[in-house]
Amino acid sequence: MAEDSHRSSAAEIPVTSNGELDQSPESVFQRDAHFICPGPRDSTESRVMSSSYASTAEGIVESGPYKGSVSVPVSTVTPVAPSSAVAIRLARSSSDGQADADSTTADPKSGAVVLSDDLKNPAMEKLDLVRKWSINTYKCTRQILSEKLGRGSRTVDLELEAQIDLLRDNKRKYQNVIKLAQMLATQLSLIMQTQRQLGDAFADLSLKSPELHEEFGYNAETQKLLSKNGDTLLAAINFFISSVNTLVDKTIEDTMINIKQYEVARVEYDAYRTDLEELNLGPRDGNTMPKIEQSQQQFQIHREKYERMRNNVSVKLKFLEENKVKVLHNQLMLFHNAIAAYYAGNQEQLEQTLKQFHIKLKMPGGESPSWLEEH
């Protein structure tokens with residue numbers, strides 16, 4: 001009976017046609033149940049029945065004092081079947097748990113990135129502006145150096161460039177005229193001061209020299225009249241200086257600011273145009289096509305800016321020319337008439353010239369002291 005029970009238990013172990021252990025889920029479950037709940041065993045001996053032998057003879061191994069070799073027979077059933085099944089189940093459960101953990105941890109990260117993109121701090125915005133400014137400055141500097149070295153091409157509007165050069169030359173000449181007119185006003189002021197002092201001296205001598213009373217008196221009146229006419233001429237010259245100075249330092253300077261902005265836009269346009277041309281000459285692949293598209297967009301933006309600034313400068317130069325002609329026509333007529341009337345001794349015409357241009361003569365606060373009173 002004992003042999004039948006052992007045979008039946010051994011026969012329950014399924015084996016494939018290759019002599020290997022069957023690892024199907026049903027067989028694994030049956031073997032696990034068998035090893036967990038073994039049947040009653042004899043305390044003196046244990047028998048292992050094998051169904052893999054071809055003969056019907058059964059091999060019995062009795063337990064007792066050890067008499068054999070060092071190697072110990074190891075059962076091929078116990079360590080393989082349960083551990084492999086458990087390993088498969090553990091591997092599946094661990095992979096599912098890792099996938100859940102990855103999906104769980106991915107959402108917070110993505111949420112944090114979205115928040116950081118939505119809520120940009122001013123420091124990052126300033127850093128981005130500095131980066132764009134650095135790239136633009138590098139491109140413009142390279143373009144300017146290449147133009148000065150004769151290696152790069154530049155966009156030139158011949159008509160507009162000629163008008164700008166003429167305006168700059170006229171500005172230098174107008175500044176020189178203002179400088180000379182200021183020198184004339186300074187010298188005329190000194191002459192007037194000398195004439196007043198000389199007239200006072202003649203008047204004093206006229207009182208103290210009865211025999212030359214009339215002669216000293218005529219000269220005193222002449223010098224005082226010249227000094228008075230000098231004040232009128234000086235007022236006309238100062239008005240001329242002030243008007244031309246306003247034309248140069250405000251009207252023309254405002255146009256020069258627009259010209260500088262136009263030149264900066266022209267350099268930026270040429271810089272991005274050169275950059276786009278270099279990219280178009282290179283290979284076209286997956287890495288360069290995004291760069292070419294971005295460069296095309298930047299080139300389009302700076303071309304529109306350049307054209308807009310060019311049109312603004314053209315309009316400014318047109319209005320400046322009209323205003324300049326009107327202002328200088330009146331001021332040159334004032335200067336000519338005042339000088340001519342002064343040196344012709346025509347006091348009435350000189351005063352009429354000031355009235356024509358609505359110039360108010362600033363009367364001095366008091367007469368200058370005579371030469372004798374100062375000394």
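Good morning. Of the 375 residues in this protein, 25% are buried, where buried means under 20% relative accessible area, exposed over 50%, and partly exposed in between, with a 1.4 Å probe and protein chains only. The model is a predicted one, in which local features need pLDDT of at least 70 and side-chain atom pairs count only at pLDDT 80 or more, while totals for chains, interfaces and linings use all residues. Residues are numbered from 1 along each chain as its sequence is written, and side-chain values use heavy atoms, with hydrogens and water left out.

I turn to the overall fold. The protein has nine helices and zero strands; these are DSSP runs numbered from the N terminus, with helices being H or I of at least four residues and strands E of at least two. Of the contacts with a separation of 6 or more, 77% join residues 24 or more positions apart, a contact being heavy atoms within 4.5 Å.

Next, helix H6. This helix covers residues 213-281, 69 residues in total, and its first and last C-alpha atoms are 98 Å apart, close to the 102 Å expected at 1.5 Å a residue; the expected span is 1.5 Å times one less than the number of residues. At glutamate 253, H6 bends by about 35°, the bend being the angle between axes fitted to the seven residues ending there and the seven starting there.

Glutamine 331 lies in H7, residues 288-344, and counts as buried because its relative accessibility is 6%. Leaving out residues up to four places away in sequence, glutamine 331 touches Phe239, Phe240 and Ser243. Asparagine 337 is also found in H7 and counts as buried at 16% relative accessibility. Beyond its neighbours within four places in sequence, asparagine 337 is in contact with Thr353 and Gln356.

Finally, the second largest pocket. Its volume is about 410 Å³. A pocket here is an open set of points on a 1 Å grid over the protein atoms alone, where a 1.4 Å probe fits, with protein on both sides within 12 Å along at least five of seven lines; lining residues have an atom within 4 Å of a point. Grid points are joined across faces, edges and corners, and the volume is the space filled by probe spheres set on them. Thirteen residues line this pocket, and Ile135, Lys139, Tyr272, Gln294 and Gln298 are the closest to its centre. Helix H4 (122-148), H6 and H7 each give two or more residues to the lining.
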